[in-house]
Amino acid sequence: TDVEGEKFDKIIVLYGEPPYAEFNGDRTHLVYHQSDPHSLEVLRAARRTGAAVISVFLSGRPMWVNPELNASDAFVACWLPGSEGYGVSDVLWGDADFTGRLPGVWPLAAAPNGEEIACGAGGTYSSTIMPVSGSSSLVEECEFSYDDNDVILPIFVNALADNIIIIQGDGTTVAVSDRMRQEDSRYLRFISDHDNNVHFSFGKNGTDLTHFRRNDARIKFMMRVNDAPKNAQLFIAIKSSQTPIYELKADDMLTRSPGHWVDWSIPLYCISPDAGSLSCVTVPFAISASNGVDIELSNIRWEFDEDSTDYDCANTWAGDAIRDPVLTPRSL
């Protein structure tokens with residue numbers, strides 16, 4: 001977006017999927033800009049300069065990129081070139097013509113059995129496989145609802161969500177582990193009673209999650225307790241820029257079926273009964289524990305489920321909600 005106001009003949013925009021392997025790249029849809037809206041903003045800003053815009057798209061599969069195609073005068077699907085980057089630069093700078101052909105169809109509709117670019121198609125400098133380029137000719141509205149965040153907020157489901165980072169205190173160690181798939185869980189070891197917390201964070205920017213102010217809103221996760229000293233403590237928390245962090249003291253989680261994976265479901269109001277705290281959530285899941293606690297976490301998310309809860313508390317959604325004795329604000 002810093003290109004506006006500048007003069008260029010051509011602008012090359014390189015973007016695409018982050019690296020992944022095996023199951024970590026699984027998606028419920030192929031709509032690219034949901035996970036990377038910034039690149040689309042850059043493409044549109046580049047077009048406003050009047051320069052020719054060349055998209056260089058990296059991906060491990062065909063994806064629905066109609067908005068990006070509309071914002072481009074040329075679109076190069078590079079797949080994952082690995083060590084063969086010179087081959088990409090050769091065709092970009094005109095030292096060689098394009099000879100690549102699609103190994104499968106490329107979707108132009110965001111629903112099954114819609115319009116597509118045929119398998120085996122491929123453009124060159126003298127021909128194109130698109131009917132029109134750079135003229136907003138392709139439909140940009142999805143034909144199905146691809147955004148699940150109004151019913152589920154994935155935090156760490158098989159892999160860390162694109163907008164989540166892990167921030168750990170000095171009193172913890174965090175490593176990858178495997179539950180059902182490669183690296184689909186995290187191993188946490190608490191090695192001190194100070195700075196002993198792990199945040200699954202949105203980073204500096206808070207997110208408005210007020211639509212989760214519902215009685216059936218739950219924080220869900222799976223946990224396996226590998227080791228826990230007698231009388232060890234465990235806290236589950238969320239953090240907002242609007243209020244202090246609120247936490248649920250959940251020591252009993254350490255003693256239920258140690259050594260086995262256990263599903264947990266906690267009403268959101270048990271942790272943060274003040275709905276105002278959801279208007280700018282910075283940490284949708286945090287955990288801290290006593291020195292010596294050794295656990296693994298997986299499948300962390302917020303979702304709606306009126307039939308599932310493992311905790312009852314006296315709280316309800318209100319600005320002056322009753323604070324259950326186990327619910328205490330404190331700094332993590």
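Me: Over which residues does the pLDDT stay under 50, with 37 contacts beyond four places in sequence in the model?

Reply: The structure is a predicted model. Where pLDDT is low, the predicted coordinates should not be read in detail. The model has 37 contacts beyond four places in sequence for the stretch in question, and its pLDDT stays under 50 over residues 319-332.

Me: In which strand of the protein chain is confidence highest?

Reply: The mean pLDDT of the protein chain is 83, and 84% of its residues reach 70 or more. Confidence is lowest in strand β18 (residues 327-329), with a mean of 36. Over residues 144-150 the pLDDT is below 50 as well, and this stretch has 16 contacts beyond near neighbours in sequence. Confidence is highest, at 96, in strand β10 (residues 185-190).

Me: What share of contacts between residues at least 6 apart in sequence join residues at least 24 apart?

Reply: The protein chain holds four helices and 18 strands. Of its 332 residues, 44% are buried. Among contacts between residues at least 6 apart in sequence, the share that join residues at least 24 apart is 74%.

Me: Which residues have the most contacts inside the largest nonpolar core?

Reply: The largest nonpolar core has 44 residues. Apart from that core lies another, of 20 residues, including Val42, Phe57, Ile117 and Leu138. Inside the largest core, the residues with the most contacts are Phe221, Ile287 and Trp302.

Me: Is glutamate 296 buried or exposed?

Reply: Glutamate 296 is placed in strand β17 (residues 294-304). Leaving aside neighbours within four places in sequence, glutamate 296 is in contact with several residues, among them Tyr187, Met222 and Trp261. Its relative accessible area is 6%, and buried means under 20%. Therefore glutamate 296 is buried.

Me: What is the distance of the polar contact between the side chains of glutamate 296 and arginine 224?

Reply: The side chain of glutamate 296 makes a polar contact with the side chain of serine 177, at 3.0 Å. With the side chain of arginine 224, the side chain of glutamate 296 makes a polar contact at 2.7 Å.

Me: Is the pair of tyrosine 32 and phenylalanine 57 stacked or edge-to-face?

Reply: The structure holds 13 aromatic pairs. The ring centres of tyrosine 32 and phenylalanine 57 are 5.0 Å apart. Their planes stand at 85 degrees, and an angle over 60 counts as edge-to-face. The pair is therefore edge-to-face.

Me: How many residues apart in sequence are the parts that tyrosine 32 and phenylalanine 57 tie together?

Reply: Both tyrosine 32 and phenylalanine 57 are buried. Tyrosine 32 lies in the loop between β1 (10-16) and α1 (37-48), whereas phenylalanine 57 lies in strand β2 (residues 52-58). The pair therefore ties together parts that are apart in sequence by 25 residues.

Me: In which strand is tryptophan 106, which forms a pair with phenylalanine 57?

Reply: Phenylalanine 57 and tryptophan 106 form an edge-to-face aromatic pair, 6.4 Å centre to centre with 75 degrees between the planes. Phenylalanine 57 is buried at a relative accessible area of 0%, and tryptophan 106 counts as buried at 4%. The pair links distant parts of the chain, 49 residues apart: phenylalanine 57 is in strand β2, and tryptophan 106 is in strand β4.

Me: Which residue lies over the face of phenylalanine 304?

Reply: Arginine 179 lies over the face of tryptophan 261, at 5.8 Å from the ring centre. Over the face of phenylalanine 304, at 3.7 Å from the ring centre, lies arginine 214.

How values were computed
Residues are numbered from 1 along each chain as its sequence is written. This is a predicted model: local features need pLDDT of at least 70, side-chain atom pairs count only at pLDDT 80 or more; totals for chains, interfaces and linings use all residues. Side-chain values use heavy atoms; hydrogens and water are left out. A nonpolar core is a set of buried Ala, Val, Leu, Ile, Met, Phe, Trp, Tyr and Cys residues joined through side-chain atoms within 4.5 Å. Buried means under 20% relative accessible area, exposed over 50%, partly exposed in between (1.4 Å probe, protein chains only). Helices (H or I, at least four residues) and strands (E, at least two) are DSSP runs, numbered from the N terminus. A polar contact is a pair of N or O atoms within 3.5 Å; within protein, one must be able to donate a hydrogen and the other to accept it, and residues adjacent in sequence count only if both atoms are side-chain atoms. Contact means heavy atoms within 4.5 Å. Rings of Phe, Tyr and Trp (its six-membered ring) pair if their centres lie within 6.5 Å; planes under 30 degrees apart count as stacked, over 60 as edge-to-face and the rest as tilted. A charge sits over a ring if NZ of Lys or CZ of Arg is within 6 Å of the ring centre and within 35 degrees of the ring normal. pLDDT is the predictor's confidence in each residue, from 0 to 100.
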